[in-house]
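Have a look at the chain below before we start.

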Amino acid sequence: MAVFEYEFMQRAFWAGGLIGIIAPILGVYLMLRRQVLMADTLSHVSLAGVALGSVMNLNPVICGFAIAMIGALLVEQLRRSYRTYSEVPVAIIMTSGLALAVVLMSLKTNLSKTFSSYLFGSIVAVSDMQLWMMAGVCVTGLLFFIILRRPLYSFTFDEETASIGGVQVKGLSFAFAILTGMTVASAMPIVGVLLVSALIVLPAALALRVSRSFTAAMIVAVITGVIGIFSGLTTSYHLNTPPGGTIALILLVFLLTGISAQKLIARYNRKRHRKERNQQGQRATLVIHSRRNTSHEIQ
């Protein structure tokens, strides 16, 4: 394919494949923990890190990566302080990160073009360093979810029960938060800050809607994420549209199609069951009539 003739497209597809594996798995856990807004929050925090790196003449990618992990730890720490109001830490960190990013961006006037790629994603923005960073995040995340799959499972559904069962809930919570920050910061070059949560949440939303088991949800989420990213990158290349928005729209179409198909299948099954019940009722009526006729003939 002509799309693979260019090195930057090869890097983009490698990056998309890596993020398409780990981000949907993370999304399933975030949805089950009722923390879907955490991805959006950390993307704004990561943007503040990028701005800080640009202002201080440091590597913006590494700064964004580091600040996202720090923000994840702050969210987790505040979540423990506001147990009754779990949405408060998300609001605090999101608004703080966005405010810091706006102030830092105003200190350097020549950042508009650079920040557009971070806001909306850019195929050409994926460098070799970012690609290796994504590979490291993907491998780390897979090892994390494989090795700790049992404590993570109980921790995801009920932290108190997991704690009683011997799970180190506090340490696992902070480790999970750090992994979330790493994944969000790594996904920024592909879909951008404004749409990074779509890459994490939409495949997971479809998977949890159509799957009947936890393992099946993971598999469906990864397949949906990878296909959505590859389709979005290809479409973006041919139509010259922003990759982040294109990927998000394709994933949204997948979600709406899956929900519609599920509703149609459920409606068909209800009609079929109703028809079967009617047929069974008719058979029962015929049997009763035939028994009555037989009894009359005997008399």
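Q: What makes a pair of cysteines a disulfide here, and how many are there in this predicted model?
A: A disulfide is a pair of cysteine sulfur atoms within 2.5 Å. By this rule the count comes to 0 disulfides.

Q: Why is Cys63 called buried?
A: Buried means under 20% relative accessible area. Cys63 has 13% relative accessibility, so Cys63 counts as buried.

Q: And what makes Cys138 buried?
A: Its relative accessibility is 4%, and therefore Cys138 counts as buried too.

Q: What does the chain look like as a whole, in helices and strands?
A: There are 12 helices and 0 strands. Read from the N terminus, the elements run α-α-α-α-α-α-α-α-α-α-α-α. Of the 299 residues in the chain, 45% are buried.

Q: How much of the contact in the chain comes from residues 24 or more positions apart?
A: Taking the contacts with a separation of 6 or more, such residues account for 77%.

Q: What makes a group of residues a nonpolar core, and which residues have the most contacts inside the largest nonpolar core?
A: Such a core is a set of buried nonpolar residues, of the kinds Ala, Val, Leu, Ile, Met, Phe, Trp, Tyr and Cys, joined through side-chain atoms within 4.5 Å. The largest one has 62 residues, and Phe145, Leu152, Phe176 and Leu199 have the most contacts inside it. H1 gives the most to this core, with 14 residues. A second, separate core has 14 residues, among them Val61, Phe65, Ala101 and Met133. As general background, nonpolar side chains tend to be buried together in soluble globular proteins.

Q: What does Phe176 touch?
A: Not counting residues up to four places away in sequence, Phe176 touches Leu26, Tyr29, Leu30, Arg33, Gln35, Phe144, Phe145 and Leu152.

Q: Where is Arg34, and why is Arg34 called exposed?
A: Arg34 is in the loop between H1 and helix H2 (37–55). Exposed means over 50% relative accessible area. At 71% relative accessibility, Arg34 therefore counts as exposed. Arg34 also has a positive phi of about 60°, although it is not a glycine.

Q: What makes Asn57 exposed, and where is Asn57 found?
A: Asn57 has 64% relative accessibility, so Asn57 counts as exposed. Asn57 is found in the loop between H2 and helix H3 (60–81). Its phi is near 60°, a positive value in a residue other than glycine.

Terms used. Residues are numbered from 1 along each chain as its sequence is written. This is a predicted model: local features need pLDDT of at least 70, side-chain atom pairs count only at pLDDT 80 or more; totals for chains, interfaces and linings use all residues. Side-chain values use heavy atoms; hydrogens and water are left out. Buried means under 20% relative accessible area, exposed over 50%, partly exposed in between (1.4 Å probe, protein chains only). Helices (H or I, at least four residues) and strands (E, at least two) are DSSP runs, numbered from the N terminus. Contact means heavy atoms within 4.5 Å.
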